[in-house]
Amino acid sequence: MDAQLSSGAGASLGGLLPESAITIGARAADWREAIRAAGRALVASGATSDAYTDEMIATVETLGAYIVIAPGIALAHSRPSPAVHRAGMCLVTLARPVEFGHRTNDPVSLVVGLAAPDDEGHVSALATLADFLTDEGRRAALLRAGDPRTVRSLIAAYEGGAAGQPDHAPDAAHA
Amino acid sequence: MPSIDVRVRNPSGLHARPATTFTEAAARFESRITIENLDRSSRAVDAKSILFLLTIGVLSGHRVRITADGPDADAALATLRDLIEAGLGEAAEA
């Protein structure tokens with residue numbers, strides 16, 4: 001197995017993140033509302049049902065703020081469950097940052113949501129996403145992105161253009 | 001530099017709570033500590049960072065190599081091996 005974690009269908013970020021799953025400037029008064037915004041984006045893209053949103057919130061209630069994995073960035077997710085229809089990601093930037101209760105990485109201005117139907121796909125998608133986020137320049141560019149298309153092109157650049165041919169192509173009709 | 005190879009046994013591998021438990025334990029040592037996933041031929045990444053730990057995608061059953069460099073390296077490795085072998089605080093599932 002190679003270092004790019006290519007196992008599993010979940011490894012391509014571009015394929016997992018259609019424009020319908022990207023929300024720029026969402027309003028959230030607290031971390032629950034921030035995760036709800038991420039949940040809505042996952043539902044809008046067809047990846048999950050509403051129950052998964054509640055599961056993501058329950059994960060934070062149970063595990064604490066560990067999901068704030070980098071300064072300003074929360075990774076909302078829960079275990080594989082029946083509420084996950086297919087692997088998917090969403091990305092939500094917040095109009096105003098919110099506190100999650102993390103010692104060093106608060107406040108959060110970007111919530112990335114992740115859903116996967118099985119453990120292998122879940123961990124692979126997490127790994128690819130985490131790798132994208134390790135670069136400070138990429139993180140800063142994500143936070144600055146003013147529209148979904150910019151987010152998609154950042155990811156496409158990271159993936160060497162592969163994200164230009166998404167598997168599901170839900171946005172192909174966009175002007 | 002001392003290093004150990006150990007198999008991750010807890011059900012969810014190194015993410016979620018177990019990953020947090022691991023990075024917090026690593027962070028208590030002064031030594032520079034890295035971890036690589038031998039089953040993915042991953043890079044050796046900072047074991048004190050949850051973000052970097054997630055990049056190496058450790059599932060249950062994977063073997064990892066932990067390397068420590070510093071005054072408390074041996075104690076760090078012993079502690080981290082014990083933690084992983086004890087299941088990182090995660091109850092074993094059927």
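Reader: Which residue is the bridge partner of A:M89 in strand 5 of chain A?
Author: The partner of A:M89 in strand 5 of chain A is A:L114, where strands (E, at least two residues) and helices (H or I, at least four) are DSSP runs numbered from the N terminus. This is a predicted model, in which local features need pLDDT of at least 70 and side-chain atom pairs count only at pLDDT 80 or more, while totals for chains, interfaces and linings use all residues. Residues are numbered from 1 along each chain as its sequence is written, with chains lettered from A and ligands numbered from 1 in the order in which they are written.

Reader: And what stands opposite A:G88?
Author: Opposite A:G88 is A:A115, in strand 5 of chain A. Strand 4 (residues 88-98) and strand 5 (residues 108-115) of chain A pair in the antiparallel sense over 7 bridges, and pairing here requires that DSSP finds at least two bridges between the strands.

Reader: In what sense do strand 1 and strand 4 of chain A pair?
Author: Strand 1 and strand 4 of chain A pair in the parallel sense, over 3 bridges, and A:T23 has A:V92 of strand 4 of chain A as its bridge partner.

Reader: What is the strand order of the sheet in chain A?
Author: The open sheet of chain A has 5 strands in the order 1-4-5-3-2, with mixed pairing. Its edge strands, each pairing on one side only, are strand 1 (22-26) and strand 2 (68-70) of chain A. The twist averages 25 degrees from one strand to the next, taking axes as lines fitted to C-alpha atoms (for helices over the stretch in contact) and angles from 0 to 180 degrees between N-to-C directions.

Reader: Which strands does helix 4 of chain A touch?
Author: Helix 4 (residues 119-133) of chain A packs on the sheet and touches strand 2, strand 3 (73-77), strand 4 and strand 5 of chain A, its direction making about 155 degrees with that of strand 5 of chain A. Contact means that the C-beta atoms of two residues, placed from the backbone, lie within 7 Å. Helix 5 (residues 136-144) of chain A also packs on the sheet, at about 100 degrees to the direction of strand 5 of chain A.

Reader: How many residues of helix 4 of chain A are buried?
Author: In helix 4 of chain A 12 of the 15 residues are buried, so this helix is largely enclosed by the rest of the structure. A residue counts as buried if 20 or more other C-beta atoms lie within 10 Å of its own, as exposed if 12 or fewer do, and as partly exposed in between.

Reader: Switching to A:L91, is that residue buried or exposed?
Author: A:L91 is buried, with 23 other C-beta atoms within 10 Å, and it is found in strand 4 of chain A. Leaving out residues up to four places away in sequence, A:L91 touches A:L17, A:A21, A:I22, A:V112 and A:V151.

Reader: Last topic, how many residues does the contact take from chain B and chain A?
Author: The contact takes 18 residues from chain B and 18 residues from chain A. On the side of chain B that touches chain A, helix 1 (16-27) and helix 2 (50-55) of chain B are the elements giving two or more residues, and helix 2 of chain B gives the most, with 5 residues.
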